Amino acid sequence: MADAPLHISAGDVSADTDDRFHRFRLIRWWDQARLASSRVLLIGAGALGNEIAKNLALLGFGHLLIADLDRIENSNLSRSVLYRESDNGKFKSEVAARAAKDIYPAMRVHHFVGNVVHDLGLGAFRWADVVIGGLDNREARLAINRNCWRVGKPWIDGAIEQIQGIARVFVPASDDAPCYECTMSEADWKLLQMRRSCNLLTRQQMTEGRTPTTPTVSSIIAGVQCQEAVKLLHGLPTLAGKGWVFDGLGTEAYQIEYQRKPDCYSHDRLDEIITLPAKAADITGRELLDEAKRRLGPSTTLELARDVLEKLVCPNCRHEEVVYQSMGRISASAAACPACGAGRDAVTFYKLSPDLPMLDMTPAQFGTPPFDILIARGGGRSIGLELGGDAPDVIGAAYEPAGGQEDLEWQ
């Protein structure tokens, strides 16, 4: 005779085993509270980003900001576990954030729609404990890398193609630690330059087609990325300075180790970051420059985190068009002069000095995104002035950086 089925009433289940994360807590070194308090900036909500967001929700991460520019297309549905047919045309970051929240309702999830290179302020990188990338272009990776190095935050990159992929970890823990730019080859730089015209304006999206991938390889690489994030937050050894390569054709995996390039431009660490209660739209460049000089001396310079296009000038008819936008937001097609059709020259700036006409404009008016960090240099030091008043609009929650807001009497 078959055994009778085992019935367990709710009263027979202990509080420990009924805990959502009970199985995780059986791991000797596991600290669920650490994950619950952790902040992750996830950049990219495609095939990799879907798997990463899903894993972070299952693992019980407490805070997640998902950033992506694109809308969902039908071709995304075969590789993106969080999207449904009814989501076609909606923003990826918004749908992914809602789906992650459905998986783990206690997670505080926010989304950002925009280009991470030009529209996402540096403050979002400082907010995060770890940045995870699920991208398919080098320009964005390079921008993420430089932003993470400036604010001293680790980031975990992932890349997939067909049934191959790589996960790698970059931690700005020391001057000799390699970064993403250190790994770039001459071929990488040539491909990056293809996205730019001769005067550095952005070319229209290339039409060769999207990267072919499968959901199987994205789940493998995203799984490694998330596990590295867990290890980072627990203080365990990670792939820092290394890459984990998976070859799906041979079902083989191996590690590669990167070296720091002595001439790499990305290793620019800020000595200190000070949070100001101002927004990008309600403080002037002059006020920010005065604040920088108050802290570092009269010879202090103030830099923007990205190049700004001041104007386009036609060398033929001298027609000028004032722009004041981040360089990356202006396409190469805009270089044609509306008066005579000749190619126009781009006039750019990245420093604020007393003689510039835009000094009495707000950062928002000359192309600085909300929650950005401007960089003051003087007296052998570099400090960041963070526009912390924008934080709730970007990350959707109260923001209290390490050390709190300091010396705010300048207002």
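Predicted model: local features only at pLDDT ≥ 70, side-chain atom pairs only at ≥ 80, totals over all residues.
Colleague: OK, and what does the side chain of R377 meet in a salt bridge?

Modeller: It meets the side chain of D268, at 2.7 Å from N to O, where a salt bridge is a side-chain nitrogen of Lys or Arg within 4 Å of a carboxyl oxygen of Asp or Glu. This pair links distant parts of the chain, 109 residues apart, because D268 is in the loop between β8 (252-257) and β9 (272-276) and R377 is in strand β13 (residues 373-378). Those labels come from DSSP runs, numbered from the N terminus, with helices (H or I) of at least four residues and strands (E) of at least two.

Colleague: How many salt bridges does the structure hold?

Modeller: There are 20 of them. In one, the side chains of R286 and D360 meet at 2.7 Å, N to O. R286 lies in helix α10 (residues 285-296) and D360 in the loop between β12 (345-352) and β13, so this pair ties together parts that are 74 residues apart in sequence. R286 is partly exposed at 32% relative accessibility, and D360 is exposed at 51%.

Colleague: What about E291 and R294, where do they lie?

Modeller: Both lie in helix α10, three residues apart, which is about one turn of the helix. E291 is buried, with 3% relative accessibility, whereas R294 is partly exposed, with 44%.

Colleague: And which residues are linked with K90 in a network?

Modeller: Salt bridges link K90, D87 and R98 in a network.

Colleague: Switching to aromatics, how many pairs does the structure hold?

Modeller: It holds eleven aromatic pairs, where rings of Phe, Tyr and Trp (its six-membered ring) pair if their centres lie within 6.5 Å, and planes under 30 degrees apart are called stacked, over 60 edge-to-face, and the rest tilted. For F170 and Y180 the ring centres are 6.4 Å apart and the planes stand at 80 degrees, so the pair is edge-to-face. F170 is in strand β6 (residues 164-170) and Y180 in helix α7 (residues 180-183), ten residues apart, and the pair links distant parts of the chain. Both residues are buried. Elsewhere, ring pairs join F21, F24, W29, W30 and Y104 into a cluster.

Colleague: Now the open sheet, what's the strand order?

Modeller: The eight strands have the order β3-β2-β1-β4-β5-β6-β7-β8, with mixed pairing, and two strands pair if DSSP finds at least two bridges between them. The edge strands are β3 (108-113) and β8, each of which pairs on one side only. Neighbouring strands are turned by 15 degrees against each other on average, direction ignored.

Colleague: How do β1 and β2 run?

Modeller: Strand β1 (residues 39-43) and strand β2 (residues 63-68) run parallel, joined by five bridges. R39 stands opposite H63 in β2, and L41 has L65 as its bridge partner there. Four of the five residues of β1 are buried, so that strand is mostly covered.

Colleague: Which strands does helix α4 touch?

Modeller: Helix α4 (residues 92-103) packs on the sheet and touches β2 and β3, its direction making about 175 degrees with that of β3. Axes here are lines fitted to C-alpha atoms, for helices over the stretch in contact, with angles from 0 to 180 degrees between N-to-C directions. Contact means heavy atoms within 4.5 Å.

Colleague: Last one: is S382 buried or exposed?

Modeller: S382 is buried, at 5% relative accessibility, and lies in strand β14 (residues 381-387). Leaving aside neighbours within four places in sequence, S382 is in contact with R269, L270, D271, E272, A376 and R377.

How values were computed
Residues numbered from 1 in each chain as written. Heavy atoms only, no water. Buried < 20%, exposed > 50% of the residue type's maximum accessible area, 1.4 Å probe, protein only.
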